[in-house]
Amino acid sequence: MESFFSQKRTWADGPYLHFIAVLDDPAYVSFTQAHHDLLADYGDRVGSVPAPWLHWTAQGVHHQLAEDQVERAVRAAREAARQAAPVTVTMGPVWPGPSAVTVAMYPEEPLADINSLVRNAISTVPGVQLREAGDRYWPHSTLAYFRSPSVHDADFNRRLRKIRPRRVEITIRRLLAVYMHQDLDLGYYTWTPIAEIPLGVTTADAAASEVVCGAPENTATYRTTPPWGDPDVECEIEVGRLAVQPPLSDEQVRYESFVSRALEDSTYFEDGEPPLPKWPDPVTVVCERPVSEGVCGSGRLRVRGSWTRPAVIICERGHSWTDTVETMRAVILAAEPAQ
């Protein structure tokens, strides 16, 4: 037996570009947590992977790349992934290996096809060198990495086999291009996201030509349920233009207060009507991710989330960032289908 992060596996100059699927489905998270009591008994001799870092690696690049090579590789993978489709897989059983505890993923064939698509696409980028492919692609998710050769013994193996939680099905709809880090202090992998890569051609649930967020609130914006659909169901909506109304200035707040009180009491004038403030124009949202030629600057966006969860904004080049629940609600309201 051996520690996973042995000298031969430790990267000399990471992080490295990887294409992964984040496995944060609650059903799979619960599946992994069924093993945590056992793993906790072994303390720092194992690196148990927490929920945010559970993943499947579709393809990794194990050498340094220049920024323009990363951009080209991500674009190539994104274009290739349009030929794929979301895939539903069964997670389990759990396998105790010589250096890690892994979770099987079945069926293997559609995952192997995604691996081939990404591998072939990024191989076209000059300077990208990939490790030789094996005879058969092995899709898996790692539950824990051994940090000591004393972990994998007969007692550990027997206790692991006794747990056997019910297998779960999850659906993988997108990959994430990341800079993958080996966190040797924690004993598992972490990453910095670069871009989202949908599997297949995404069809928006609805389309809004323009959405302005941060406009004066009204009862429709903050009601507790969405105007259509389940509040927890994820939506992915294309927007022609996403804009943000700058916050009210002190002058605007005073004027709004005057108008409200005047409407409630026609005799209310206090010190007279304040001067009409200048209302700034909404600011168009664009992607601010640095790229080799400067800043991405794309304003062609998709917004993903639900009535109860923050918005994830994705530009046409796959860069993504997280915004607020209020932004997601404004997008949903703007895209409400005609009744």
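## Salt bridges and a charged patch

Arg75 and Glu71 sit 4 residues apart in helix α3 (residues 67-81), so about one helical turn separates them. The model is predicted: local features need pLDDT of at least 70, side-chain atom pairs count only at pLDDT 80 or more, and totals for chains, interfaces and linings use all residues. Residues are numbered from 1 along each chain as its sequence is written, and side-chain values use heavy atoms, with hydrogens and water left out.

**Salt bridges**
- A salt bridge is a side-chain nitrogen of Lys or Arg within 4 Å of a carboxyl oxygen of Asp or Glu, and the count by this rule is 14.
- Arg75 and Glu71 form one, with the closest N and O atoms 3.9 Å apart.
- Glu71 is buried at 8% relative accessible area, whereas Arg75 is partly exposed at 39%; buried means under 20%, exposed over 50%, and partly exposed in between (1.4 Å probe, protein chains only).
- Arg304 and Glu196 meet in a salt bridge at 2.7 Å, N to O.
- Arg304 lies in strand β17 (residues 301-306) and Glu196 in strand β9 (residues 188-198), so the pair ties together parts 108 residues apart in sequence.
- Both Arg304 and Glu196 are buried.
- A network of salt bridges links Arg174, Glu196, Glu234, Glu236, Arg302, Arg304 and Arg309.

**Helices and strands**
- Helices (H or I, at least four residues) and strands (E, at least two) are DSSP runs, numbered from the N terminus.
- Among the buried residues of α4 are Leu111, Ile114 and Val118.

**Exposed arginine**
- Arg164 lies in the loop between α5 (154-163) and β7 (168-172).
- Arg164 counts as exposed because its relative accessibility is 64%.
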